[in-house]
Amino acid sequence: MKPTDFEIAGIFATPIYITHRDTDLNSTELKEVEGIIENGMMATNDTHPELRSMSEDKYIFNDGKLEGIKEFCEDHIDNYVKEVINPREDLEFYITQSWLNLGKPGGSHGSHAHQNSIISGVFYISSPEGDGISFYDPNMRIKRIVKIDSSLENPSVWLGERITAPLTTNTLVLFPSWLEHGVYPNPEATTDRLSLAFNVFFSGTIGIESDLTELVLR
C-alpha cells in the first residue's frame, strides 16, 4: 500500500527576500547610472575581462546618487530585519559599500559570499530575459559524504546543490551575506545585465553584559 498520510518539512530555512520596484528608472537616475559607468569600470573576469566589470566607485550611495533606489532598498532592508532577524536589541542597520556591476551576454560570476557584512543585496537595473541569480546549498559538503544522484526526470528538491531565482528588471534581492551565490551564463541574453549591489551592517549593542557577551558597535 502506498503511503498517503505524511508530511516532509523543510527546517533551518535560508531566507531569500525578493521584491519589485513598480517604477522604472527616471531620466535623472539613468543619467546618474551613465555617469557612474563613464567615471570608470574595472574588469572582474580574468579569463574574459570584456564580459564582466565593476564600478571604480564602491560607495555609490554615499555620493548622493540614486537616492530613490537607495530609499527603496533601505525600506526593504528594514522589512527584512523585522521579518527575518527580528532583533531584541535596538539596532541600526545601514548600507556600507555599494557598487555597480555590468555583465555582457555570455558573462558569468563565480560562486562567492560577502565578508564583513550581515545582509547583502542586488537591485537589477536591467535584466535580460531568462536571467537569474543562483544560490548554493551551504550543507553540500556534508550531503556529499554519501552521494545518491536524483532522478533526471523528476529531480528531488532536497538534493539540489543550487537554486536559481529568476530575475526581471527592477527586482531587488536580499539575502544573508554568508550565503554563496553566483551568476551562470544566460544563453538567452542579447542585452547587458546591469545591477547595483550592496552590503549591510549594523550599529548598536548586542549580547548581555553579565554573560560577558556584550558587544558595542558604533
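**Exercise 1.** How do the residues of the lining of the largest cavity divide into nonpolar, polar and charged?

*Solution.* The model is a predicted one.
Step 1. Find the cavity: the count comes to 1 cavity of 30 Å³ or more, and the largest cavity has a volume of about 40 Å³.
Step 2. List the lining: Gly 103, Lys 104, Pro 105, Gly 106, Gly 107, Pro 128, Asp 131, Asn 186, Ala 189, Thr 191, Asp 192 and Arg 193.
Step 3. Sort these residues by class, with Gly taken as polar. The lining then divides into 3 nonpolar, 5 polar and 4 charged residues.

**Exercise 2.** Explain why strand E9 is described as largely enclosed, and find strands that pair with E9.

*Solution.* Step 1. Locate E9, which covers residues 171-176.
Step 1. Apply the cut-off: a residue is buried when its relative accessible area is under 20%. In E9, 6 of the 6 residues are buried, so the strand is largely enclosed by the rest of the structure.
Step 2. Look at strand E1, residues 17-20, which pairs with E9 in the antiparallel sense over 4 bridges. Here Thr 19 stands opposite Leu 172 of E9.
Step 3. Turn to strand E6, residues 119-126, which runs antiparallel to E9 and is joined to it by 5 bridges. Gly 121 has Leu 174 in E9 as its bridge partner.

**Exercise 3.** Describe the protein as a whole.

*Solution.* Step 1. Count the elements: the protein has 3 helices and 12 strands.
Step 1. Take the extent: the C-alpha trace spans about 65 × 55 × 35 Å along its principal axes.

Notes. Residues numbered from 1 in each chain as written. Predicted model: local features only at pLDDT ≥ 70, side-chain atom pairs only at ≥ 80, totals over all residues. Heavy atoms only, no water. 1 Å grid on protein atoms, 1.4 Å probe; cavity = no way out; pocket = protein on both sides within 12 Å on 5 of 7 lines; lining within 4 Å. Points joined across faces, edges and corners; volume = space filled by probe spheres on them. Helix = DSSP H or I, 4+ residues; strand = E, 2+ residues; numbered from the N terminus. Buried < 20%, exposed > 50% of the residue type's maximum accessible area, 1.4 Å probe, protein only. Pairing = 2+ DSSP bridges.
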